[in-house]
Amino acid sequence: MNRIQVTFDQLKQTGEKALIPYIPVGYPALETTEELIRTICESGADLLELGVPNGDPLADGPTIQAASTQAIANGTTLRYCIQVVQRLRQSGLDLPIIFMGYCNSFLAYGLESFARDAKNAGVDGLIIPDLPSTMAGPWVDIFRQHEIDLIFFLAPTTSEERAASVVEQGTGFVYCISVTGVTGARDELPEELPQFISQAREATSLPLCVGFGISTPKHVAEVSQYADGVIVGSALLQVINHAPKDQMHTKVREYVSSLKEATISAASSTR
Amino acid sequence: MMKGFFGQFGGAYVAETLMGNLEQLEQQYEQLKDDAQFRSEIAQLLNEFVGRPTPLTPLRKMSKDTGGAKIYLKREDLTHTGAHKINNALAQAVLAKRMGKHRIVAETGAGQHGVAVATACSLLGLECVVYMGALDAERQAPNVQRMKLLGADLRLVHIGQRTLKDAISEAIRDWITNVRETHYLLGSAVGPHPFPTMVRDFQSVIGEETKSQILQLENRLPDCVIACVGGGSNAIGMFSPFIEHEEVRLIGVQAAGEGIETTHHASPLIKGSLGIFQGVYTYILQNADGHIQETHSIAPGLDYPGAGPQHSHLKNTGRAEYAYIDDREALEAFEYLCREEGILPALESSHAVAHALKVAKTMTEDQILVVNLSGRGDKDLSQAIEALERMNKEEVSIR
């Protein structure tokens with residue numbers, strides 16, 4: 001069993017939901033990125049989603065676009081991202097690590113060599129927003145061989161036939177997109193979300209994690225009532241961006257642990 | 001073979017949120033493309049509103065100057081709105097309306113596609129949002145004014161290089177957000193399936209007309225056909241009916257900007273490598289990490305780091321050749337065509353004319369060359385004149 005499956009099984013036993021924070025590697029600076037990632041993990045992350053920065057991230061809103069541009073300017077490459085994972089693993093970090101990146105970064109590296117190097121470094125899964133399940137044939141073959149989970153998306157616009165393909169091709173968990181749109185913090189969760197998740201539940205037995213627009217502990221508590229995990233990206237980056245330099249770690253710790261707290265209390269209230 | 005591929009090139013590498021929309025578009029298009037009523041609706045608009053068929057003009061002076069072939073110019077500059085873009089814009093707008101989409105989103109580089117879309121939306125009563133790179137808006141001011149006057153909601157894009165690629169990225173993000181009521185009216189033969197196929201089909205009217213015109217005039221097919229290639233919609237529309245006639249040489253001309261050996265060009269089919277960009281697997285300009293390289297061309301419509309997937313396929317199979325023309329050569333051709341033939345070409349199309357001047361010299365008098373003049377140059381006047389003056393000064397100082 002790989003780390004992702006083990007983690008979801010454990011959470012199920014304790015009745016908790018998974019908190020999955022997202023941060024691009026190399027942000028806000030190369031010197032601080034690893035320490036910041038460790039702070040995020042120590043503050044309550046159950047799984048970690050590391051962004052492989054892309055210059056034209058089509059599924060991302062302004063916050064992640066700006067962070068990606070900065071990370072690239074700092075010198076972050078896919079090779080560097082793999083090295084960061086290697087060092088995090090050497091330092092004893094054992095939670096599941098998932099790369100979120102766009103097709104062309106992996107193609108440019110070479111799919112086979114990437115799969116091999118990523119697995120050796122300790123990468124457990126991949127989220128590729130511009131790789132729909134119906135285009136993913138050759139990718140699925142390669143990453144299954146190297147035991148890296150390919151995590152696909154369900155959107156509110158996904159048809160039943162397409163959902164079947166997501167379930168067939170995907171492993172790890174299913175990434176449920178809360179709204180039609182790009183990533184970015186939002187004030188309100190869409191009303192249709194619970195229904196969307198219960199429909200997804202009928203299609204698959206994989207864990208369902210919700211992302212896009214999740215920003216506050218209140219959102220997390222709400223989503224935790226019906227989903228298996230929440231993904232928080234842009235809102236976390238905004239906390240980092242707005243924190244005074246000497247308080248960045250404190251602010252991040254406060255924010256991430258408040259989100260984690262929300263996944264636990266919601267679970268206990270539904271028990 | 002998966003759908004939407006030309007050899008190994010093509011596909012639809014986009015967010016899951018868009019896939020339902022693309023599948024619906026593909027189905028509707030497959031149903032309608034041979035539908036007599038749909039076809040006649042478009043044909044009628046192209047005739048009554050666009051002014052098709054466009055003429056095939058013999059260039060007698062240019063033939064004489066190059067001492068060789070008979071040269072004909074396909075006059076897409078004479079369409080309503082002044083470029084081939086209207087062929088595709090109108091057809092897709094009709095399709096969108098049939099699909100019940102009342103909101104159109106589009107990108108524009110030179111502004112010609114934006115103007116065409118704004119025009120089609122105004123004619124058909126559709127809401128129109130156009131994204132344009134802020135740098136392009138600066139260098140194509142007349143088209144900015146036209147789009148606004150036509151009632152388009154023009155949104156300037158200040159991210160990235162502030163050119164066509166960034167406008168496409170923002171248009172795609174808008175489309176993801178408003179996917180249910182929005183049709184993305186992509187202007188070139190690029191992007192995810194079914195766009196490269198659909199745009200080619202809607203632009204094939206250029207090649208079809210050319211073919212029947214040349215048969216009537218010369219009673220035979222041309223020996224060579226030349227068109228400029230950014231994303232490649234005017235070229236693929238011109239080439240398409242000739243692809244099966246192997247004796248017709250097809251040449252696509254890319255923008256070499258400040259020089260093909262510099263880093264300031266826009267020639268993915270000459271200097272690019274394989275990758276996925278904006279939804280499609282094709283030749284792109286990228287660095288070793290897969291990040292898109294900045295591009296440069298004096299012609300905003302050619303200033304794009306990716307080639308349409310069918311062009312990549314035609315290149316790899318050898319059915320078409322791809323050449324390049326730099327800014328200076330394009331400007332010289334721009335001036336030449338004005339002065340010698342009384343025709344003001346768009347800077348994009350000037351790349352095709354510039355290469356035709358070279359190729360014609362290698363041809364014999366009994367041979368026929370057709371050049372696609374994809375658009376007119378009114379939009380380029382101030383920028384081209386400035387550049388020409390700068391160029392002439394440089395030459396004087398060198399002497």
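Into which domains is chain B divided? In this predicted model, for which local features need pLDDT of at least 70, side-chain atom pairs count only at pLDDT 80 or more, and totals for chains, interfaces and linings use all residues, side-chain values use heavy atoms, with hydrogens and water left out. Residues are numbered from 1 along each chain as its sequence is written, while chains are lettered from A and ligands numbered from 1 in the order in which they are written.

Chain B is divided into domain 1 (5–46 + 85–195) and domain 2 (52–82 + 204–398), the bounds coming from an automatic or database domain assignment. The C-alpha centres of domain 1 and domain 2 of chain B lie 23 Å apart, and the contact (heavy atoms within 4.5 Å) takes 37 residues from domain 1 of chain B and 43 residues from domain 2 of chain B. Between these domains of chain B an area of about 3,100 Å² is buried, 58% of it given by carbon and sulfur atoms; buried area is here the accessible area (1.4 Å probe) that two parts lose on being put together, summed over both. Across this interface of domain 1 and domain 2 of chain B the rule finds 1 salt bridge, a salt bridge being a side-chain nitrogen of Lys or Arg within 4 Å of a carboxyl oxygen of Asp or Glu. Arg139(B) forms a salt bridge with Asp303(B), with 2.9 Å between the closest N and O atoms.

Between chain A and chain B, the contact takes 35 residues from chain A and 35 residues from chain B, and about 2,700 Å² is buried, of which carbon and sulfur atoms give 55%. The count between the two chains is 3 salt bridges. Among the salt bridges of the structure, Glu23(B) pairs with Arg162(A), the closest N and O atoms being 2.6 Å apart, and Lys165(B) pairs with Asp56(A) at 2.8 Å between the closest N and O atoms. The latter pair crosses between chains, from Lys165(B) in helix H8 of chain B to Asp56(A) in the loop between strand S2 (48–51) and H3 of chain A; helices (H or I, at least four residues) and strands (E, at least two) are DSSP runs, numbered from the N terminus. Both Lys165(B) and Asp56(A) are buried, where buried means under 20% relative accessible area, exposed over 50%, and partly exposed in between (1.4 Å probe, protein chains only).

Over all chains, the structure holds 39 salt bridges. Within chain B, the side chains of Glu127(B) and Arg103(B) meet in a salt bridge (3.7 Å, N to O). Glu127(B) lies in strand S6 (residues 127–133) of chain B and Arg103(B) in strand S5 (residues 103–108) of chain B, so the pair ties together parts that are 24 residues apart in sequence. Glu127(B) counts as partly exposed at 41% relative accessibility, whereas Arg103(B) is buried, with a relative accessible area of 8%. Arg103(B) and Glu127(B) are linked with Asp153(B), Arg155(B) and Asp174(B) in a network of salt bridges.

In helix H9 (residues 193–203) of chain A, the buried residues include Leu193(A), Phe196(A), Ile197(A) and Ala200(A). Seen down the axis of H9(A), the buried residues fall within an arc of 95°, so they line one face of the helix; the arc is that of the directions from the helix axis to the C-beta atoms. On the other side of H9(A), Gln195(A) and Glu202(A) are exposed.
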